[in-house]
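The sequence and structure come first.

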Amino acid sequence: MVKFLAVLVFCTSSLANANNEFHDFFNTVETLSANFNQQTLSESGQIIANTSGYLKFKRPAQFVWQTHQPIEQTLVLNNNELWLVDQELEQASMRNLEELNNTPLYWLINRPKTLRALPTFKQEVRGIRWYQTQNSNQLSFGFKDQQLAAIQLTNSLNQTVLVNFDKLVVNSTIDNTAFKLSIKPDFDVIRSF
């Protein structure tokens with residue numbers, strides 16, 4: 001009976017820590033930088049796209065999401081303006097900030113303590129602890145060793161998008177110039193807002 005109670009207390013303590021892992025991480029992050037590899041999988045699990053790049057984030061509400069392969073694109077949020085810069089199309093377009101509401105980047109802009117319906121612990125798979133939001137796009141955040149390791153979501157085409165992070169650095173100094181919008185003079189600029 002004593003062993004059973006000890007196991008029960010340990011399991012309850014582990015579960016309580018798991019439920020706080022997402023909250024603790026996102027409430028203490030001021031800056032974050034990481035490399036990423038993003039895979040898009042069909043409904044049958046076949047890889048249909050593979051993208052790599054880096055992410056830099058600094059609160060309040062500054063980030064850059066840069067992809068290198070296969071297409072060089074930059075998503076930049078700075079001074080309450082969201083821009084998508086496509087090097088191949090030689091185009092920069094201003095986007096509506098509300099587009100972020102159903103994306104993982106929404107969680108970087110807002111702190112969990114200011115939000116309702118926080119992600120809850122769902123399961124542990126291959127050492128990654130997954131927390132799922134209650135949004136319709138099945139957005140989940142994966143943690144390993146108390147650090148963000150992956151993000152997974154289902155897009156509007158019912159495809160699974162899996163983003164794995166490496167070289168994650170939290171709360172280091174990131175200069176504001178990292179979030180400066182840079183558009184070449186010959187690019188088309190589309191301001192729709």
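Two strands count as paired if DSSP finds at least two bridges between them. The model discussed here is predicted.

**Hairpins**

Strand β1 (residues 31-41) runs antiparallel to strand β2 (residues 47-58), and the two pair over 11 bridges. Within this pairing, Leu 32 stands opposite Phe 57 in β2. β1 and β2 form a hairpin with five residues between them, and Gly 45 in the turn has a positive phi of about 95°.

β2 also pairs with strand β3 (residues 62-69), again in the antiparallel sense, over seven bridges. Here the bridge partner of Lys 56 is Val 64 in β3. The hairpin of β2 and β3 has three residues between the strands, and Ala 61 takes a positive phi near 55°.

In a regular strand the side chains alternate between the two faces of the sheet.

**Chain as a whole**

The chain contains two helices and 12 strands. Their order along the sequence is α-β-β-β-β-β-β-α-β-β-β-β-β-β. Of the 193 residues in the chain, 38% are buried. The accessible surface of the chain comes to about 11600 Å², and carbon and sulfur atoms account for 50% of that area. Among contacts between residues at least 6 apart in sequence, 47% join residues at least 24 apart.

**Salt bridges**

Side chains of opposite charge can pair when their charged atoms come close. How many salt bridges does the chain have? The count comes to three, and they are listed below.

| Salt bridge | N to O distance |
|---|---|
| Glu 21 – Arg 129 | 3.4 Å |
| Glu 99 – Arg 95 | 3.4 Å |
| Glu 124 – Arg 129 | 2.9 Å |

The side chains of Glu 21 and Arg 129 meet in a salt bridge. This pair links distant parts of the chain: Glu 21 lies in helix α1 (residues 2-28) and Arg 129 in strand β8 (residues 128-132), 108 residues apart. Is Glu 21 buried or exposed? Glu 21 counts as buried because its relative accessibility is 4%, and the cut-off for buried is under 20%.

Glu 124 forms a salt bridge with Arg 129. Glu 124 is partly exposed, with a relative accessible area of 47%. Salt bridges that share partners join Glu 21, Glu 124 and Arg 129 into one network.

The side chains of Glu 99 and Arg 95 also meet in a salt bridge. Glu 99 counts as partly exposed at 40% relative accessibility, and Arg 95 counts as partly exposed at 30%.

Notes
Residues numbered from 1 in each chain as written. Predicted model: local features only at pLDDT ≥ 70, side-chain atom pairs only at ≥ 80, totals over all residues. Heavy atoms only, no water. Helix = DSSP H or I, 4+ residues; strand = E, 2+ residues; numbered from the N terminus. Buried < 20%, exposed > 50% of the residue type's maximum accessible area, 1.4 Å probe, protein only. Contact = heavy atoms within 4.5 Å. Areas by Shrake-Rupley, 256 points an atom, 1.4 Å probe, with all protein chains shown as cover. Salt bridge = Lys/Arg side-chain N within 4 Å of Asp/Glu carboxyl O.
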